[in-house]
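Have your viewer ready and your selection tool at hand. We will go from stop to stop, and at each one I will say what to pick and what is there.

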Amino acid sequence: MMGDRSPKAACVWVRCVALHPDPVMHHRVIFSGGSDGILRVWDVRAGACTKRIRAHSGSSISSVCVCILHGRLVGYTASEEGIVKAWDVDSGRLLGTFLGHSGPITCMTAGTTHLFTASWDKTVKVWKHVQSSP
């Protein structure tokens, strides 16, 4: 338990979280997606939000995951509208958008070469990772 240092997003429903251990910085980073459509990056050691990315306007984030691609930290967000977006976490730049689900995305995970998503539309989709070069 983190006690008083628990990350909190005021007045926002936290809908999903993903943990990413950062071997270079020797600390852990938590990614959270909220009902306000903002992807938040939390430094666990400091107990503070270090970055906010407006990921989905007008829609809640329903799932988040994170991976390292070509040496860069990439965050994926999914919405209740069935849209997945890929973000360069350092710059906050949108790397790509994935369309194909006809219902809210319920969960996703990143493998070494692909992203996997599941939706209320009763499908699982497999996507190639985005190119994350600068």
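Strands here are DSSP runs of E with at least two residues, and helices are runs of H or I with at least four residues, both numbered from the N terminus. This is a predicted model, in which local features need pLDDT of at least 70 and side-chain atom pairs count only at pLDDT 80 or more, while totals for chains, interfaces and linings use all residues. Residues are numbered from 1 along each chain as its sequence is written, and side-chain values use heavy atoms, with hydrogens and water left out.

**Stop one: His114**

Select His114, which lies in strand E10 (residues 114-119). Its relative accessible area of 25% makes His114 partly exposed; on this scale, buried is under 20%, exposed is over 50% and partly exposed is in between (1.4 Å probe, protein chains only). Now show what surrounds the residue, taking contact to mean heavy atoms within 4.5 Å. Neighbours within four places in sequence aside, His114 touches Thr109, Val126, Trp127, Lys128 and His129. Then look at Thr113, whose side chain makes a polar contact of 2.7 Å with that of His114. A polar contact is a pair of N or O atoms within 3.5 Å; within protein, one must be able to donate a hydrogen and the other to accept it, and residues adjacent in sequence count only if both atoms are side-chain atoms.

**Stop two: a sheet of four strands**

Move on to E5, E6, E7 and E8, which form an open sheet in that order with antiparallel pairing. Strands E5 (61-69) and E8 (93-98) are at the edges with a single partner strand each, so one side of each has no neighbour in the sheet. On average, neighbouring strands of this sheet are turned by 20° against each other, direction ignored; the axes are lines fitted to C-alpha atoms.

Zoom in on E5 and E6 (residues 72-79), an antiparallel pair joined by eight bridges; pairing requires that DSSP finds at least two bridges between two strands. Here Val66 sits opposite Gly75 of E6.

**Stop three: Ser79**

Stay in E6 and select Ser79. Is Ser79 buried or exposed? Ser79 is buried, at a relative accessible area of 0%. Beyond residues up to four places away in sequence, its contacts are His56, Ser59, Ser60, Ser62, Pro104 and Ile105.

Methods
Axes are lines fitted to C-alpha atoms, for helices over the stretch in contact, and angles run from 0 to 180 degrees between N-to-C directions.
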